Amino acid sequence: MNQILNTISQEPIKCSSEIPDWAYLKLKEVLEIEGSGFSPKGKIEKCEISVDERKFLFDLIENKKIKTIYDFGTRLSLASNEDKEKLANWEGSQIFTFSEPIFFRDNSMLLFFQYRYCGSRCAEGKWSIFRKDSGEWVECLVLLSMVS
């Protein structure tokens, strides 16, 4: 999380308290069809997820059990209606969404959602799998990437 925050800004970051419904639906579609929507990052071979792991993640997505993080020390804060209004009026604002990390495979892998909304025609995000490698979390698989 600190790596992401350090690449965005030194100022507090406005965040949403909800993962958009369409983001859940799109990932469900990817998880339902084995082998679809997967983009490996680099040459990390131990990042394939098993059928049981896909089912575990699918159940979390289907039941919307993945929560967002919008309080992370002083770096994140919940976006206000005023922040959302600025976006609607194109006044140069951004709202981020970060999921809590969902650990699996004995806490050596995790699923993470990150999304940046900057207006009705400006957004990007992804559902990624990270793997712990030599004590560091490394993104190794992008399950779904979105750009508007």
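I looked up Trp-22 first: at a relative accessible area of 36%, Trp-22 is partly exposed. I keep in mind that this is a predicted model.

Next I checked Tyr-115. Its relative accessible area is 10%, so I log Tyr-115 as buried, the cut-off being under 20%.

I then turned to ring pairs. The structure holds eight aromatic pairs. Trp-22 and Tyr-115 make up one that is edge-to-face, with 5.5 Å centre to centre and 70° between the planes. Trp-22 sits in helix H2 and Tyr-115 in strand E7, so this pair ties together parts 93 residues apart in sequence.

Tyr-24 belongs to helix H2 and Trp-127 to strand E8, so the pair ties together parts 103 residues apart in sequence. I find both Tyr-24 and Trp-127 buried.

I also noted the grouping: Trp-22, Tyr-24, Phe-113, Tyr-115 and Trp-127 form one aromatic cluster.

I moved on to helix H3, residues 51-62. Its twelve residues should span 16 Å at 1.5 Å a residue, and the end C-alpha atoms are 16 Å apart, which agrees. I list Glu-53, Arg-54, Leu-57, Phe-58, Leu-60 and Ile-61 as its buried residues. Down the axis of H3 they fall within an arc of 160°, so they line one face of the helix. The face turned away from that buried side carries exposed Val-51, Asp-52 and Lys-55.

I asked what covers the buried residues of H3. The cover includes helix H2 and strands E6, E7 and E8.

Last, I looked just past H3: Lys-64 takes a positive phi of about 50°.

Note on methods
Residues numbered from 1 in each chain as written. Predicted model: local features only at pLDDT ≥ 70, side-chain atom pairs only at ≥ 80, totals over all residues. Heavy atoms only, no water. Helix = DSSP H or I, 4+ residues; strand = E, 2+ residues; numbered from the N terminus. Expected span 1.5 Å × (residues − 1). Buried < 20%, exposed > 50% of the residue type's maximum accessible area, 1.4 Å probe, protein only. Arc of directions from axis to C-beta. Contact = heavy atoms within 4.5 Å. Phe/Tyr/Trp six-rings, centres within 6.5 Å; stacked < 30°, edge-to-face > 60°.
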